[in-house]
Amino acid sequence: MNGVEIDSLSFCYRDSKQEILHEIGTPVEAGEFVCILGQSGCGKSTLLRLLAGLEKPTGGSIRIDGEEIRGASLSRGMVFQDYGLFPWMSAGENIVLALRQRFPEMTKAEKKALALSMLEKVGLQREIYSKLPKSLSGGMKQRCAIAQAFAIDPPILLMDEPFGALDAVTRAKLQDLVLELWESGERSRKKTVFFVTHDVDEAILLADHIIVLGQRPSRIIYELRIPEEKRAKRETQFVDPEIISMRNELIRQINQDVEQHIGE
Amino acid sequence: MNGAGKIIARFFKRYWITILVYLFLIGLYAYVANNHLINAFLFPTTQAICKAFAGDRYIMLLNLIASLSILVPAIVISLSLALLIGVIMGMNRGLRDALHPVLYTISVVPSILLSPFALLLAPNFRTASLFLIVYESVWATVFGTITGIMTIDRRYLDKAETLELHGFRKLFRVMLPAASPSIISGFVNSLSGTFVMLVYAEMYGAEYGMGYYVRQNAMLGLYDKTWAGFIFMIVILVIIMQIFEKIRNRLLLWTM
């Protein structure tokens with residue numbers, strides 16, 4: 001059980017009076033892949049930071065299995081767009097550090113073995129273990145960050161535009177990798193994923209629950225739940241009429257909100 | 001070519017201009033001094049300097065040990081103190097706002113000005129030297145550490161937070177490495193001041209040490225030995241600087 005209840009969530013920064021998020025509320029079932037979609041600067045990352053416990057809400061609450069979150073926790077793994085790895089440690093040391101935090105009882109050898117197997121699982125060679133992040137490509141770094149996130153096996157995974165800075169081919173490969181890792185769990189043990197993106201196609205491909213945030217102060221302007229049998233597939237994403245109409249509706253909702261905002 | 005051969009070839013490829021400059025300077029001195037184109041008393045011949053080198057090599061070694069026995073603890077104390085003050089002030093904005101002007105005021109007093117007080121008030125010369133060297137060298141590292149800690153990218157701290165890194169583990173695994181470019185830059189800047197103060201202290205109060213050896217022979221008018229001591233000191237200080245350079249490059253490999 002990793003159900004998340006976002007209830008009337010509001011947020012504004014301490015030194016600013018402008019509200020970033022305004023009374024956001026939605027229930028998220030355990031094991032859902034939620035994409036938070038919206039234009040740049042609408043507060044998607046702020047919502048993710050609140051879910052991570054890196055910020056405190058100014059109103060409302062976030063509850064996981066009924067318990068309000070207080071601060072960051074290893075039970076909510078986070079993959080950042082960049083800076084996902086500490087650059088002064090090798091890729092392997094980054095994973096081992098996370099494992100050391102999550103499983104203090106593990107021996108050094110066990111942690112190294114698990115880190116190596118996770119690197120292989122995300123399609124990287126074992127030699128990457130001792131390489132500094134600066135010597136890795138953007139895609140390799142994100143694979144390492146994903147390996148780190150999945151190695152500590154958090155029930156909830158937060159991903160902040162993790163593929164935003166990658167080229168289209170690498171992005172597609174990593175999207176498939178994340179889906180594969182997420183789908184490999186049984187529904188009852190599946191991770192609940194919150195994935196921030198401003199790419200409508202990425203959201204449709206990955207999510208079974210899409211939350212569209214409007215302009216600031218941000219609120220949910222549209223929500224879409226996609227049943228298992230209607231989930232998009234990469235091969236048919238741009239030809240399936242149902243997916244196309246879903247896509248058009250999402251774009252229409254975002255544009256309508258933008259126009260409304262300009263009108264105000 | 002074997003491994004050692006490759007290293008030597010790489011060294012010469014990288015430093016051939018440096019080597020040429022040094023050879024030129026030595027050649028110039030040899031030409032001027034050996035042909036008595038300059039005061040022969042103050043600038044002895046290269047043969048005389050080499051002879052002084054060979055004759056006093058054990059004495060110079062003893063003086064080197066004496067200098068290092070002050071230099072090493074002074075660097076350790078200076079670095080530890082700088083990290084302690086820098087981390088505390090870097091992390092605490094209130095304390096930083098209140099104490100930064102005070103630290104700044106204290107730091108601009110040259111330690112040479114304090115030397116008469118230090119030499120008179122300290123229980124012995126060693127303590128006075130340690131105080132003066134630490135005082136001279138600590139500030140650049142303190143300010144480097146404060147700046148480094150203050151300017152750590154928030155995303156590193158967020159990452160540390162999500163991994164539940166707290167306390168000393170966060171300090172040693174995240175904060176100090178993230179701030180290390182600024183800390184090391186401050187430390188390296190302070191090193192030359194450390195050497196200046198060491199030599200100064202040895203010249204004016206010690207009974208051993210590289211600075212003492214140079215001063216003693218200069219006072220006795222033995223300029224061949226003075227030059228030998230002078231060159232020996234430069235070589236040692238350049239070696240120490242090179243060692244720190246290597247350590248710096250190793251620690252900051254991730255930034256290069």
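## A bridge in the antiparallel sheet of chain A

In this predicted model, A:Ile6 has A:Ile62 in strand S4(A) as its bridge partner. The two strands concerned are S1 (residues 4-11) and S4 (residues 59-64) of chain A, which are joined by five bridges and run antiparallel.

These strands belong to an open sheet of four strands in chain A, with the order S2-S1-S4-S5 and antiparallel pairing. The edges are formed by strand S2 (21-28) and strand S5 (67-68); each has a single partner strand, so one side of each has no neighbour in the sheet.

Strand S7(A) pairs with strand S6 (residues 76-79) of chain A through four bridges, in the parallel sense. Within this pairing, A:Arg76 has A:Ile156 of S7(A) as its bridge partner. Strand S7(A) is also joined to strand S8 (residues 192-197) of chain A, again in parallel, by five bridges. Here A:Leu157 stands opposite A:Val193 of S8(A).

## Chain A as a whole

Chain A contains seven helices and ten strands. Its radius of gyration is 19 Å, close to the 18 Å given by the globule rule for 264 residues, so chain A is as compact as a globular protein of that length. Along the principal axes, the C-alpha atoms of chain A fill a box of roughly 60 × 45 × 35 Å.

Of the 264 residues in chain A, 41% count as buried. Among the contacts of chain A with a separation of 6 or more, 70% are between residues 24 or more positions apart.

## Confidence in chain A

The average pLDDT of chain A is 87, and 97% of its residues score at least 70. Confidence is highest in helix H2(A), at 94, and lowest in helix H5 (residues 168-183) of chain A, where the mean is 84.

## Chain B

The secondary structure of chain B consists of ten helices and zero strands. Read from the N terminus, the elements of chain B follow the order α-α-α-α-α-α-α-α-α-α. The C-alpha atoms of chain B fill a box of roughly 70 × 60 × 30 Å along the principal axes.

Of the 256 residues of chain B, 34% count as buried. Residues 24 or more positions apart make up 72% of the chain B contacts that have a separation of 6 or more.

## The contact between the chains

Chain A contributes 16 residues to the contact and chain B contributes 15 residues. On the side of chain A that touches chain B, helix H2 (residues 91-102) of chain A gives the most, with three residues. The residues on this side of chain A comprise 13 nonpolar, two polar and one charged.

Note on methods. Residues are numbered from 1 along each chain as its sequence is written. Chains are lettered from A and ligands numbered from 1 in the order in which they are written. This is a predicted model: local features need pLDDT of at least 70, side-chain atom pairs count only at pLDDT 80 or more; totals for chains, interfaces and linings use all residues. Two residues are in contact if their C-beta atoms, placed from the backbone, lie within 7 Å. Ala, Val, Leu, Ile, Met, Phe, Trp, Tyr, Cys and Pro count as nonpolar, Asp, Glu, Lys and Arg as charged, and the others, Gly among them, as polar. The radius of gyration is taken over C-alpha atoms; the globule rule is 2.2 Å times the number of residues to the power 0.38. A residue is buried if 20 or more other C-beta atoms lie within 10 Å of its own, exposed if 12 or fewer, and partly exposed in between; C-beta atoms are placed from the backbone. pLDDT is the predictor's confidence in each residue, from 0 to 100. Two strands pair if DSSP finds at least two bridges between them.
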